[in-house]
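Thanks for coming. I will take one structure today and go through it piece by piece. Please have a look at it before I start.

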Amino acid sequence: MHTAVALIQLGAVFFGLGLLGRVARRVGISPIPLYLLGGLAFGSGGLVPLHGIEEFTHLASEIGVVLLLLLLGLEYSASELTTGLKKSWMAGVLDLVLNAAPGAIAAYLLGWGPVGALAMAGVTYISSSGIVAKVLGDLGRLGNRETPVVLSVLVFEDLAMAVYLPVLTAVLAGVSLLGGLTAVGISLLAITVVLVVALKYGRFVSALVDSPDHEVFLLKLLGSALLVAGIASQLQVSAAVGAFLLGIAISGSTAENATRLLEPLRDLFAAMFFVVFGLNTDPATIPPVLGIAVALAVVTTLTKVGTGWWAAKRQGVGPMGRARAGAALVARGEFSIVIAGLAVASGRVDAELAALATAYVLLMAVLGPIAAKYVEPIGEVFKRRRRRRAAA
Amino acid sequence: MLGERVPHRIGVGPRGRPDRTETDLSECKVAVVNVEVTPLPGIGTRQDFAIRAGRRIGVITYRDGKFELIVSKQDDPDATAASIPLAPEEASTLAGLLGAPQLVAQLREQHREVGGITTRQLPVTAFASRALGDTALRTRTGASIVAVVRAGVAHPSPGPEFLFDNGDLAVVVGTAAGLDAAAEILTGGGG
């Protein structure tokens, strides 16, 4: 009886997500905000409370985070990361300062203390590389001159996450300063080791998981990802970072095949992750923080555009290309929710943080692609107006 | 710039001095174009160059082997006016169409002194994954295949064991009659 109910509930959730995904595709937006809304509709304070599948959905959402980060790591090769870092670190630092500050300041003003500030800084800092890459592809901008600039900023952000997440995990666990430094030390050491190993012996790591048989390959991949994530989590370095580093270490054709094989699984479990985050957020808590979320959205849209503008200008890209680069970076999504999820799960931050992060990501995941799409017509208007003024 | 410039020689034959970007037509045609190679982390590689008309033109190679032909806008060289996805065989056909005439022009130049001999590019459609030796072209027509152009790359002096592929263009030297017969054989008309 219990199993039957659980299956019906799960089936309803997945089917509902499928319908939402279809709507998102038709409208041309990222499905993430709709998944979040779906999660809000169910669960605590929502329309339909779910019972008896919490254990499964919780574990599924954890696997979702591991797979999100594993596939992110698979996308990059170690050499891309190191050269990207060398070329874009100035833009990356500017990006970090400009976009982490609004979140931190907002949290500070709301009285959430240093832990809340650290978490909110991460939420507003990191662009959604998934949404950005998709939007650039859909708009046919991969061949544009500003696109490498955008991508290298994203690379920097993803590497910054590998340092930031362990720090956050340690702080949320309430460890002392020494414990926090140890976590950072371990993760920096791990990143260095992984980059060196991946650069020099990447094919051995790949050979370890590779197999011509799909079934064997899938099991070995998933097994190693969960093992590494679990061990990393045990060391307080954050499961997600472990998976990310494993993804970087796997390279070449193995990485391509792994991506192809894991993508459907990632989509499934990541959808579950967004739903669970929405489930655990009481929709009634959102309206009070909506004003702050809108203010944050406005400010951090401007700061991202500023970042992209500056980074593209340094590479000799024209004004229109600079505006495009800035607008492309606006979207926030999966990683902001990963960060907020970590913070909320620890119970060390104000419960309102979940509501603010949800509202913020709902806004930014929709606004990002729109900004990227309409920056050109808006730019044209400005250009024409300036020309007219010059003529007059 | 993020990319690095790699001089890319188009065509085979006598190499021009590397420092010159163009040679006059009296010498054999070897032009050097600076192709900019830019890594696109997580996506692939962009290779492009500025053409004389002012636009950028190039190719994005995705990591999974797909190609995209890109052409920049006239008024905004940073933006792409078109990005056209090409399947591998389409890309190699396009490359062959663009690359082969160059090669033929060069060979024609070289063979000008020999009367009655011409060079022509012929599509190979009847010998996919069969060896060049199977055509028995030399014995049957007196014409010889001096190069095979595949995906824009010329394979000079292919041996009898050379395996043809779909979309290959053979550069054939011979008499006019021999070339007609060769065209028929390579496209399957002559068996």
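First, a term: a residue is buried if 20 or more other C-beta atoms lie within 10 Å of its own. Counted that way, 53% of the 392 residues of chain A are buried. Keep in mind that this is a predicted model.

Let me stay with chain A. It has 15 helices and zero strands. Its C-alpha trace spans about 80 × 55 × 45 Å along the principal axes. How does the radius of gyration of chain A agree with that of a compact globule? For 392 residues such a globule would have a value near 21 Å, and chain A has 21 Å, so the two agree. As for contacts with a separation of 6 or more in chain A, 79% of them join residues 24 or more positions apart.

The largest nonpolar core holds 143 residues. Which of them touch the most other members? They are Val66(A), Leu70(A), Ala243(A), Leu353(A) and Tyr360(A). Helix α15 of chain A, residues 352–391, gives the most to this core, with 17 residues. Take Leu70(A) as an example: setting aside neighbours within four places in sequence, its contacts are Ala225(A), Ala243(A), Phe244(A), Leu246(A), Gly247(A) and Leu262(A). There is also a second, separate core of 25 residues, and Ala100(B), Val149(B), Ala170(B) and Val172(B) are among them.

That brings me to chain B, and to one helix in it. Helix α3 of chain B covers residues 176–186, and its buried residues are Gly178(B), Leu179(B), Ala182(B), Ile185(B) and Leu186(B). Seen down the axis of α3(B), they fall within an arc of 120°, so they line one face of the helix. What do the buried residues of α3(B) pack against? They pack against β7 (118–123), α2 (137–141) and β10 (169–174) of chain B. On the face turned away from the buried side, α3(B) carries the exposed residues Ala176(B) and Ala177(B). After the helix comes Gly188(B), with a positive phi near 95°.

Last, where the chains meet. The contact takes 26 residues from chain A and 19 residues from chain B. On the chain A side, α4 (78–109), α7 (147–172) and α13 (319–328) each supply at least two residues. Of the helices, α7(A) gives the most, with five residues. By class, that side has eight nonpolar, 11 polar and seven charged residues.

Methods: Residues are numbered from 1 along each chain as its sequence is written. Chains are lettered from A and ligands numbered from 1 in the order in which they are written. This is a predicted model: local features need pLDDT of at least 70, side-chain atom pairs count only at pLDDT 80 or more; totals for chains, interfaces and linings use all residues. Two residues are in contact if their C-beta atoms, placed from the backbone, lie within 7 Å. Helices (H or I, at least four residues) and strands (E, at least two) are DSSP runs, numbered from the N terminus. Ala, Val, Leu, Ile, Met, Phe, Trp, Tyr, Cys and Pro count as nonpolar, Asp, Glu, Lys and Arg as charged, and the others, Gly among them, as polar. A residue is buried if 20 or more other C-beta atoms lie within 10 Å of its own, exposed if 12 or fewer, and partly exposed in between; C-beta atoms are placed from the backbone. The arc is that of the directions from the helix axis to the C-beta atoms. A nonpolar core is a set of buried Ala, Val, Leu, Ile, Met, Phe, Trp, Tyr and Cys residues joined through C-beta atoms within 7 Å. The radius of gyration is taken over C-alpha atoms; the globule rule is 2.2 Å times the number of residues to the power 0.38.
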